[in-house]
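Student: Could we look at where the open space and the ligand sit in this model, taking one question at a time?

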Amino acid sequence: MARTLIAGNWKMNGLMAALDEVRAVNQALEGYPDKADCLICPPATLIKPMADVAGDRLAVGGQYCHPKASGAHTGDISAGMIADAGASYVIVGHSERRADHGERDVDVQAQAMAALASDLTPIVCCGESLEQRKAGQTIDVVRSQLEGSLPQGLADGAFFVVAYEPIWAIGTGEVASTEQIDEVHNDIRAFLTGAYGDAGTNTPILYGGSMKPGNAAEILSVPHVNGGLIGGASLKAADFMAIYAAAVS
Ligand code: PGA
């Protein structure tokens, strides 16, 4: 059974002052049972300062890593650098990276494998566009993204997370229905157990896309939803912790 993970994706938001939110998250976590993992993925500039103030119950992650360990790649950041700064997770293949930087499945897979090689847990994102959903292609699109993006040749005990994020639900306020989420998460679980056997039952499958305090409990009650990847509602500790509360209640 996969352990629940409530993960915040701050995207390109947050200056040093935002560390106050992290202190508030630390404090709030003490009031909840340790039944779900909690993670914030800030911009790269905040990984180290956030890791320095994060308490035992809060993990820190990156939002992208380059497939290579080092070299002539101006502006990029490697998995080893992210780990060295104190992160334990990294998001790879977010739809915004796929759209803004032309990242293909093969790139995302190389990033996920670089993450594992640096002892980071990759959170591999997938999800269909509105056009693909309307054309009835959702399951095929997600399957093909997973086939192309998930790490290969896993060492024993290697661990990763999958995030299903329908593109049309990200940052739009429009959330997928529980039926839509159920269908896709079920299929992702079937794919994972088919590809990885028993280990596939332990892989957390997160939902992402306009998750907020008001809809978290309902979404988290869907079978095979093992947490959330939360953008906008993760920026304020109160909202983020309300979602965490729904996960542990
Ligand atoms: P959102 O973003 O919660 O603001 O919709 C989710 C994500 O992109 O990870």
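Student: Which helix gives the most to the lining of the largest pocket?

Tutor: This is a predicted model, in which local features need pLDDT of at least 70 and side-chain atom pairs count only at pLDDT 80 or more, while totals for chains, interfaces and linings use all residues. Residues are numbered from 1 along each chain as its sequence is written, and side-chain values use heavy atoms, with hydrogens and water left out. A pocket is an open set of points on a 1 Å grid over the protein atoms alone, where a 1.4 Å probe fits, with protein on both sides within 12 Å along at least five of seven lines, and lining residues have an atom within 4 Å of a point. Helices being DSSP runs (H or I, at least four residues) numbered from the N terminus, the one that gives the most, with four residues at 95-101, is helix α4.

Student: How many residues surround the ligand?

Tutor: A residue is near a molecule if one of its heavy atoms lies within 4 Å of it. Among the closest to the ligand are K11, H94 and E165, and the shell's total is 13 residues.

Student: What distance separates a polar side-chain atom of H94 from an oxygen atom of the ligand?

Tutor: A polar contact is a pair of N or O atoms within 3.5 Å. The backbone of S210 places a polar atom 2.8 Å from an oxygen atom of the ligand, and for the side chain of H94 the value is 2.7 Å.

Key. Helices (H or I, at least four residues) and strands (E, at least two) are DSSP runs, numbered from the N terminus. A polar contact is a pair of N or O atoms within 3.5 Å; within protein, one must be able to donate a hydrogen and the other to accept it, and residues adjacent in sequence count only if both atoms are side-chain atoms.
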